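Here is a short walk through one protein chain. Keep the sequence and the 3D view side by side as you read.

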Amino acid sequence: MNIKYYEDDDILVQRFSNNPIIREVSQGWNINISYDKDGNIVQIVILEAKEKGLYPVIPMKMAA
């Protein structure tokens, strides 16, 4: 997984694979999810990420 944050534009991009993007779906006006040909999520783009409290990304630990 690759995470990039563009501070000037307040955009967070989470890339899960290098597969080509075949379809993009908006989940509200500020979240776009991109899929590959098999329906797997390739990328999530979040606009106004810091303003909405979604950046910085803080990993959660799973209970054993």
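Helices (H or I, at least four residues) and strands (E, at least two) are DSSP runs, numbered from the N terminus. With that in hand, read the chain from its start. From the N terminus on, its elements run β-β-β-β-β. There are 5 strands and 0 helices.

A word on the source. This is a predicted model, in which local features need pLDDT of at least 70, side-chain atom pairs count only at pLDDT 80 or more, and totals for chains, interfaces and linings use all residues. Residues are numbered from 1 along each chain as its sequence is written, and side-chain values use heavy atoms, with hydrogens and water left out.

Now take the overall dimensions. The C-alpha trace of the chain spans about 35 × 30 × 20 Å along its principal axes. Of the 64 residues in the chain, 25% are buried. Buried means under 20% relative accessible area, exposed means over 50%, and partly exposed lies in between (1.4 Å probe, protein chains only).

How are the strands arranged? The 5 strands make an open sheet in the order β1-β2-β5-β4-β3, and the pairing is antiparallel. The edge strands are β1 and β3 (23-26), since each pairs on one side only. From one strand to the next, the twist averages 15°. Angles here run from 0 to 180 degrees between N-to-C directions, and axes are lines fitted to C-alpha atoms, for helices over the stretch in contact. Two strands count as a pair if DSSP finds at least two bridges between them. In general, strands of a sheet pair through backbone hydrogen bonds, either parallel or antiparallel.

Strand β2 (residues 11-15) is joined to β1 by 5 bridges, and the two run antiparallel. Y5 stands opposite L12 in β2.

E24 stands opposite S34 in β4. β3 and β4 form a hairpin with 4 residues between them, and G28 in the turn has a positive phi of about 85°.

β4 and β5 pair in the antiparallel sense over 5 bridges. I33 has I44 in β5 as its bridge partner. Between these two strands lie 5 residues, and G39 in the turn has a positive phi of about 90°.

Q43 sits in strand β5 (residues 41-47). Its relative accessibility is 15%, so Q43 counts as buried. N18 is exposed because its relative accessible area is 73%. N18 and Q43 are 25 residues apart in sequence, and their C-alpha atoms are 9.0 Å apart in space.

Turn to the charged side chains. The whole structure holds 2 salt bridges. A salt bridge is a side-chain nitrogen of Lys or Arg within 4 Å of a carboxyl oxygen of Asp or Glu. One links K37 and D38, with the closest N and O atoms 3.7 Å apart. Both K37 and D38 are exposed. In the other, the side chains of E48 and K52 meet at 4.0 Å, N to O. E48 is partly exposed because its relative accessibility is 26%. K52 is partly exposed too, with a relative accessible area of 43%.

Finish at the surface. M1, I3, F16, I41 and V57 form a nonpolar patch there, with about 450 Å² of accessible area together. Patches are made of residues with over 30% relative accessible area and no salt bridge: like charges are joined within 9 Å, nonpolar side chains (Val, Leu, Ile, Met, Phe, Trp, Tyr) within 5 Å. Accessible areas come from the Shrake-Rupley method with a 1.4 Å probe, and for residues only the protein chains shown count as cover. I3 lies in strand β1 (residues 2-6). At 36% relative accessibility, I3 counts as partly exposed.
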